[in-house]
Amino acid sequence: MEFLAEQFTHTSLLEWLAVSTGFICIYLAAKESVWNWPISIISVVAYGFLFFKEAMYGDMTLQIYFLFTGFYGWYFWLSKRTERNKPITLLTVKGWLISIASIAVLSLCLGWFMAKYTNSIVPYADGFCTSVSFIAQLLLTRKILQNWLLWVFADICYVPLFIYKHLNLSAVLYFVLIAIAYKGYLDWRKTYREQVN
């Protein structure tokens, strides 16, 4: 317990900002508050700088993508547009094979690039987590149920990576995200079953 307390006292202000705004953003999103978007932008920017500082360049790049989706979400919610109601779909066997192959290829390419051209000490782990997150986000935009399972897997992978990099608050946040992603899966699965019955 003393070890954990000591670790948290050595946590940087940047990580405190990233994690605290991350928690607030998740809470506001669950409440369907439009304020989740500007708070998420603060969290994403803070994490972008944090990952740059920790030489986690794959995750830093992923934050840029999340930044664009944050601004889009904020605009979309403020303009009160409604999208055509798209049903939740399932990932086919072919879809799973393509997703797994894409993660493998993207992980190797990102890992190789970061190992060769950056000072990252975790190039392949960073590349792998980034790749799984990227594919999960892609499936989420397509409203495919199994995106949540990939998010659960990605968050599980991030926890030890963050602990290794001494980003302990982030490890706690991602541990919570595992539960949130699994709850998202259960909620979407229930909706899917209602659709097909």
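Mentor: Helices (H or I, at least four residues) and strands (E, at least two) are DSSP runs, numbered from the N terminus. The model is predicted, so local features need pLDDT of at least 70 and side-chain atom pairs count only at pLDDT 80 or more, while totals for chains, interfaces and linings use all residues. Residues are numbered from 1 along each chain as its sequence is written, and side-chain values use heavy atoms, with hydrogens and water left out.

Trainee: In which helix is confidence highest?

Mentor: pLDDT is the predictor's confidence in each residue, from 0 to 100. The protein has a mean pLDDT of 88, with 91% of its residues at 70 or more. Confidence is lowest in helix α1 (residues 2-9), where the mean is 61, and reaches its highest mean, 97, in α5.

Trainee: Where does Lys165 lie, and is Lys165 buried or exposed?

Mentor: Lys165 is located in the loop between α7 (147-164) and α8 (168-196). Its relative accessible area is 9%. Buried means under 20% relative accessible area, exposed over 50%, and partly exposed in between (1.4 Å probe, protein chains only). Because 9% is its relative accessible area, Lys165 counts as buried.

Trainee: With which residue does Lys165 form a salt bridge?

Mentor: If residues up to four places away in sequence are not counted, Lys165 touches Glu54, Met56, Ile121 and Val122, contact meaning heavy atoms within 4.5 Å. A salt bridge requires a side-chain nitrogen of Lys or Arg within 4 Å of a carboxyl oxygen of Asp or Glu. Side chains of opposite charge can pair when their charged atoms come close. Here the closest N and O atoms are 4.0 Å apart, and the partner of Lys165 is Glu54.

Trainee: How many residues apart in sequence are the parts that this pair ties together?

Mentor: Glu54 and Lys165 form a salt bridge, and both residues are buried. Glu54 lies in the loop between α3 (36-53) and α4 (57-78), whereas Lys165 lies in the loop between α7 and α8, so the pair ties together parts whose separation in sequence is 111 residues.

Trainee: How many salt bridges does a search of the whole structure find, and what is the closest N and O distance for Asp187 and Lys183?

Mentor: The search of the whole structure finds two salt bridges. Asp187 and Lys183 are four residues apart in helix α8, so about one helical turn separates them. Asp187 is partly exposed at 36% relative accessibility, and Lys183 is partly exposed at 48%. The search total is two, and the closest N and O atoms of Asp187 and Lys183 are separated by 3.0 Å.

Trainee: Which residues are in contact with Tyr158, leaving aside its neighbours within four places in sequence?

Mentor: Tyr158 is one of the residues with the most contacts inside the largest nonpolar core. With its neighbours within four places in sequence left aside, Tyr158 is in contact with Asp59, Leu62, Cys129, Thr130, Ser133 and Tyr174.

Trainee: What is the phi of Lys143, and what is the phi of His166?

Mentor: Lys143 lies in the loop between α6 and α7 and is partly exposed, with a relative accessible area of 24%. His166 lies in the loop between α7 and α8 and is exposed, at 54%. Each has a positive value in a residue other than glycine: phi of Lys143 is near 60 degrees, and phi of His166 is near 60 degrees.

Trainee: How far apart in space are His166 and Thr11, C-alpha to C-alpha?

Mentor: In sequence, His166 and Thr11 are 155 residues apart. In space, their C-alpha to C-alpha distance is 8.2 Å.

Trainee: How far apart in space are Cys109 and Met56?

Mentor: Cys109 is found in helix α5 and is partly exposed, with a relative accessible area of 45%. Cys109 and Met56 are 53 residues apart in sequence, and their C-alpha to C-alpha distance in space is 15 Å.

Conventions
Core = buried A, V, L, I, M, F, W, Y, C linked by side-chain atoms within 4.5 Å.
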